[in-house]
Amino acid sequence: MRHRAAALVGAAMVLGLLAAGADGAHKLRVVTTIPDFKALVEEIGGDQVDVESLARGSQNAHDVEIRPSLMLRLRRADLFIENGLELDAWSDTAVQGANNPKIVRGAVGRVDASRGIQVLDVPSTRVDRSMGDVHPLGNPHYSLDPGLAPIVTQNLVDGLSRVAPELRATFEKNRQAFLARVEEAMVRWTNALAPVKGAKVVVYHPDYVYFLARFGLIQVGMLEDRPGIPPSPQHLAQLVRQMKDERVRVVLVQPWNDLKLAQRIAEEAGAKVVVIPTMVGGIKGVDTYIGSIDYNVNALAQALR
Ligand SMILES: [Zn+2]
């Protein structure tokens, strides 16, 4: 009699689990540091995943405050995806606080999406604080380059498959479909920027090196003479002279940069400011990876025309 009761309880539990699975409670819980990886994981994981990003697209990804709701997500996460190259080193404190052994550094549920990419701007000398916010491992803003999507999505598929090996084929199939769309879009992006190839631009912060290199545009100067530190008047005066000499027509800025300052410098140099967000969601309503590259390419092509 007791056995039978136990069996019934067991069956009820199995049914409960099945029901939970059917209504989505058993989706893989993924947390990413920046929204670009959220967008990519959604492409690869489809309805098998439930993804949230610690940073919002309109935020400065160098410096993010972790909300308590996201700490809770980290605590229950199956997989945690970071940009790496110290862009999101701030997430370490949150991960420590989350007390989730599955996602600590070195655990199966931890993914560094930068693995295998060719890193640009690696400092050739020792980095110290007087140089400003220089990224000691090299430039971490690679997610803006759609040409790196094959490597980055491979890292994501590997990570997802470590925690859900039975879904590897599904993830890979979704990845291939996504990469086919990126390849198709690459033709349109390359065409849109082809007429302005070789154009010289000035940037606020060195966020765009991978993106500019991909499409053959040349960064000749920065508003910040030292990354992350407000520029000196001497530097700005010299920059304006240089922009006039080299006929620079565009200054690329992030939504959170000092737009007034950028506007003033652009005006003095006879150039214009174009807001190019480096992350998905940086412009309201632009919520997919391909959509965000579309936006950036079009905005830049238009400004340079
Ligand atoms: Zn940076």
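**Helix packing and cavities in a predicted model**

Good morning. Helix 6, covering residues 168–193, packs with helix 10, residues 289–304, at an angle of about 5°, and their axes lie 10 Å apart. Please bear in mind that the structure is a predicted model. Angles under 35 degrees count as roughly parallel, and helix 6 and helix 10 are therefore roughly parallel to each other.

Which residues make this contact? From helix 6 they are Phe178, Arg181, Val182, Ala185, Arg188, Trp189, Ala192 and Leu193. Helix 10 contributes Tyr289, Ile290, Ile293, Asp294, Val297, Leu300 and Ala301. Sorted by class, the contact of helix 6 with helix 10 has 12 nonpolar and three charged residues, with no polar ones.

I turn now to a second pair. Helix 2, residues 35–45, and helix 5, residues 149–163, pack at about 65°, with 10 Å between their axes. The crossing of these two helices is right-handed. On the helix 2 side, Phe37, Leu40, Val41 and Ile44 take part in the contact, and on the helix 5 side, Val152, Thr153, Leu156, Val157 and Leu160. By class, the contact of helix 2 with helix 5 has eight nonpolar residues, one polar residue and no charged residues.

Finally, the cavities. How many cavities of 30 Å³ or more does a search of the whole structure find? The search finds two. The largest cavity holds about 90 Å³ of space. It is lined by 13 residues, of which Ala61, Leu87, His141, Thr278 and Met279 are the closest to its centre. The lining of the largest cavity comprises seven nonpolar, five polar and one charged residues.

Thank you for your attention.

Notes. Residues are numbered from 1 along each chain as its sequence is written. This is a predicted model: local features need pLDDT of at least 70, side-chain atom pairs count only at pLDDT 80 or more; totals for chains, interfaces and linings use all residues. Side-chain values use heavy atoms; hydrogens and water are left out. Axes are lines fitted to C-alpha atoms, for helices over the stretch in contact, and angles run from 0 to 180 degrees between N-to-C directions. Helices (H or I, at least four residues) and strands (E, at least two) are DSSP runs, numbered from the N terminus. A crossing is left-handed if the near helix is turned anticlockwise from the far one by less than a right angle, and right-handed if clockwise. Contact means heavy atoms within 4.5 Å. Ala, Val, Leu, Ile, Met, Phe, Trp, Tyr, Cys and Pro count as nonpolar, Asp, Glu, Lys and Arg as charged, and the others, Gly among them, as polar. Angles under 35 degrees count as roughly parallel, over 145 as roughly antiparallel, 65 to 115 as roughly perpendicular and the rest as oblique. On a 1 Å grid over the protein atoms alone, a cavity is a set of points where a 1.4 Å probe fits but cannot get out, and a pocket is an open set with protein on both sides within 12 Å along at least five of seven lines; lining residues have an atom within 4 Å of a point. Grid points are joined across faces, edges and corners, and a volume is the space filled by probe spheres set on the points.
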